[in-house]
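Here's a quick tour for anyone opening this one for the first time. Have a look around before reading on.

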Amino acid sequence: MRRVPGDRDKRPPKERGTRLPKDRDTKLPQDELPGTGLPDGERDYEELLAREERAAEQQTLGAAAVRAREPARVTWQKLTYLPAVVAAVLLATWIWFATADLDPISRNALAEGVVWLRLRQHVALTVISTFFVLIIAIPLGILLTRGRMRKAAPFAVALANIGQATPAIGLLALLVIWLGIGQKAALIGIIIYAVLPVLSNTIAGLKANDPTLIEAARGIGMSPLGVLGKVELPLAVPLILAGVRTALVLNVGTATLATFGGGGGLGDLISTGITSQRMPVLMLGSVLTVALALLVDWLASLAELGLRPRGLEVRR
Amino acid sequence: MNFWEFVSSTHQQLLTDAYQHASAVFQCMVVATVLGVLIGVATYRSEWAGNLATLTTSTILTIPSLAMIGLLIPVVGLGVPPTVIALTLYGLLPVVRNSIVGLRGVDPTLVDAAKGIGMSRAARLLRIELPLAWPPILTGIRVSTQMLMGIAAIAAYASGPGLGNEIFRGIASLGSANALNQVLAGTLGIIVLALLFDAAYVLIGRLTIPRGIRA
């Protein structure tokens with residue numbers, strides 16, 4: 001027997017919403033009790049569904065309560081705190097450098113423009129690789145949740161998990177041996193390393209969508225493309241954005257390894273500092289890398305807050 | 001020399017490196033687990049402290065591992081100390097976050113019932129809350145371990161122990177006959193170790209997750 005989803009709980013929505021947590025395991029309301037003519041198994045199933053639904057409601061209620069306390073998404077603390085800390089650290093490093101006594105090797109390693117060049121290389125590596133990661137991983141994730149391709153999705157997720165076990169430096173070294181030294185090998189390595197987590201994030205996001213909503217969209221006659229563009233993707237935006245942030249942060253980190261394949265970047269300063277035992281070079285490279293990583297994460301978190309669909313936020 | 005000849009001729013060295021890699025990750029993971037669960041237990045009751053712990057550890061995780069090691073070298077020198085400190089710090093986040101989430105997720109009625117039958121605060125924590133929060137904590141430990149496997153490889157650049165040395169030896173001798181073999185041996189070794197650890201965690205989960213809450 002087929003039942004309409006909304007049939008499960010006949011109480012008015014208001015009453016459902018105000019249920020207290022304690023209520024969860026006590027007796028079910030009359031219309032769900034034995035004697036409604038359902039076979040035993042079916043009744044258990046209904047009960048389970050109703051319970052799940054209530055748990056989910058409580059979660060959204062709790063989240064709504066938290067949000068109600070902070071109506072603005074981007075508060076001034078979020079805007080100023082981290083950049084202020086980063087600026088202070090950079091300023092301290094700069095002052096230290098202005099007074100430090102550098103020997104010829106350090107001075108050579110930090111010669112006019114080198115630091116700036118490495119920083120630009122690092123940013124370029126991060127931005128370009130993130131762009132490619134997104135245009136590869138998100139369409140692939142969408143493809144793997146459509147129709148017949150759906151069967152391949154578990155394999156992709158399993159592959160992504162094994163990929164996580166692969167050390168980034170090993171992957172990069174293999175690519176350098178295969179493609180030769182240079183930025184190309186580094187870029188490809190960074191991209192491969194970040195595609196898998198973003199892919200599994202996208203698949204998880206699209207799969208987590210409420211199937212009743214998709215069914216409803218189909219029911220009102222939307223085309224598969226319409227369902228994807230107007231229902232599924234907007235609902236999955238938070239998870240996809242989280243994937244973007246993951247990719248950016250991962251890429252800033254992996255880009256430090258580009259130096260081992262002759263790809264440049266701030267990792268160059270760090271590795272020069274380690275091999276030549278020059279602490280100022282090492283410190284400058286490390287501090288700049290940390291500052292860049294924190295700033296990128298901060299920007300991504302702002303984007304995450306700003307781009308989230310409004311409809312997913314106020315559910316009352 | 002093909003790959004298998006290389007492996008059989010250097011298996012002594014490879015096994016030593018693999019053992020050191022596994023033992024470094026394992027020991028740091030034990031420390032990170034103990035610290036992480038303690039931080040979780042200390043902070044999960046207050047929203048403020050819990051969020052601060054999660055924020056701090058996630059900020060640490062944002063820092064690229066090579067930069068973290070670079071910052072540690074001037075303070076503690078090369079070799080094992082920066083490796084151990086970096087691995088432990090990176091291992092913390094998943095454990096801290098999952099123990100806070102797990103401990104907060106324990107049904108309050110159960111804790112209430114335990115209080116009702118006269119259990120002390122410590123007994124409630126050890127016999128009710130932690131066993132119920134154990135599955136997410138174990139997941140956190142798994143995630144951490146996988147991550148540490150890769151970070152330990154990078155730590156080899158600062159003269160740390162482990163299979164990363166094979167990879168860096170290969171990079172240093174780019175173009176030579178054995179470069180590919182060395183990098184491949186190091187990389188595959190780390191993947192195998194990560195999968196072995198993962199299997200061990202599945203087994204630990206079977207043995208230690210209370211029967212009543214097994215999925």
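## Two loop residues with a positive phi

Let's start in the loop between α11 and α12 of chain A, which is where Q277(A) sits. Keep in mind that this is a predicted model. Q277(A) isn't a glycine, yet its phi is positive, at about 55 degrees. Is Q277(A) buried or exposed? It has 11 other C-beta atoms within 10 Å, so it counts as exposed, the cut-off for that being 12 or fewer.

Chain B has a residue of this kind too: S159(B), with a positive phi near 60 degrees, is also something other than glycine. You'll find S159(B) in the loop between α7 and α8 of chain B. With 16 other C-beta atoms within 10 Å, S159(B) is partly exposed.

## Helix α5 of chain A

Helix α5 of chain A covers residues 114–143.

Some of α5(A) is tucked away: its buried residues include R118(A), H122(A), L125(A), V133(A) and I138(A). What covers the buried residues of α5(A)? Among the elements doing so are α8 (183–207), α10 (224–255), α11 (267–275) and α12 (279–307) of chain A.

## How α10 and α12 of chain A pack

Two of those covering helices also pack against each other. The axes of α10(A) and α12(A) are 9 Å apart, and the angle between them is about 170 degrees. Angles over 145 degrees count as roughly antiparallel, and that's why α10(A) and α12(A) get that description.

On the α10(A) side, the contact includes V237(A), L241(A), R245(A) and L248(A), while α12(A) brings in L292(A), V296(A), D297(A) and E304(A), among others. Sorted by class, the residues of this contact come to 13 nonpolar, 2 polar and 3 charged.

## Chain B at a glance

Now over to chain B, which has 9 helices and 0 strands. Its C-alpha trace spans about 70 × 40 × 20 Å along the principal axes. Of its 215 residues, 46% count as buried. Looking at contacts in chain B with a separation of 6 or more, 76% are between residues 24 or more positions apart.

An unreviewed UniProt entry lists residues 18–201 of chain B as "domain: ABC transmembrane type-1". Over residues 18–201 the chain is 84% helix and 0% strand, with the end C-alpha atoms 19 Å apart.

## Where the chains meet

How many residues of chain B are in contact with chain A? There are 32 of them, touching 31 residues of chain A. On the chain B side, α4 (65–76), α7 (121–155), α8 (164–172) and α9 (179–208) each supply at least two residues. The largest share comes from α9(B), with 10 residues. By class, this side of chain B has 23 nonpolar, 9 polar and no charged residues.

I190(B) has 29 C-beta neighbours inside 10 Å, so it counts as buried. Leaving out residues up to four places away in sequence, I190(B) touches P167(A) and G170(A) from chain A, plus H21(B), M149(B), A153(B) and L163(B) from chain B. M149(B) is 41 residues away along the chain, but its C-alpha atom is 6.6 Å from that of I190(B).

Terms used
Residues are numbered from 1 along each chain as its sequence is written. Chains are lettered from A and ligands numbered from 1 in the order in which they are written. This is a predicted model: local features need pLDDT of at least 70, side-chain atom pairs count only at pLDDT 80 or more; totals for chains, interfaces and linings use all residues. Helices (H or I, at least four residues) and strands (E, at least two) are DSSP runs, numbered from the N terminus. The expected span of a helix is 1.5 Å times one less than its number of residues. A residue is buried if 20 or more other C-beta atoms lie within 10 Å of its own, exposed if 12 or fewer, and partly exposed in between; C-beta atoms are placed from the backbone. Two residues are in contact if their C-beta atoms, placed from the backbone, lie within 7 Å. Ala, Val, Leu, Ile, Met, Phe, Trp, Tyr, Cys and Pro count as nonpolar, Asp, Glu, Lys and Arg as charged, and the others, Gly among them, as polar. Axes are lines fitted to C-alpha atoms, for helices over the stretch in contact, and angles run from 0 to 180 degrees between N-to-C directions. Angles under 35 degrees count as roughly parallel, over 145 as roughly antiparallel, 65 to 115 as roughly perpendicular and the rest as oblique. UniProt positions are given in the numbering used here, feature names are shortened, and annotations may be inferred rather than shown by experiment.
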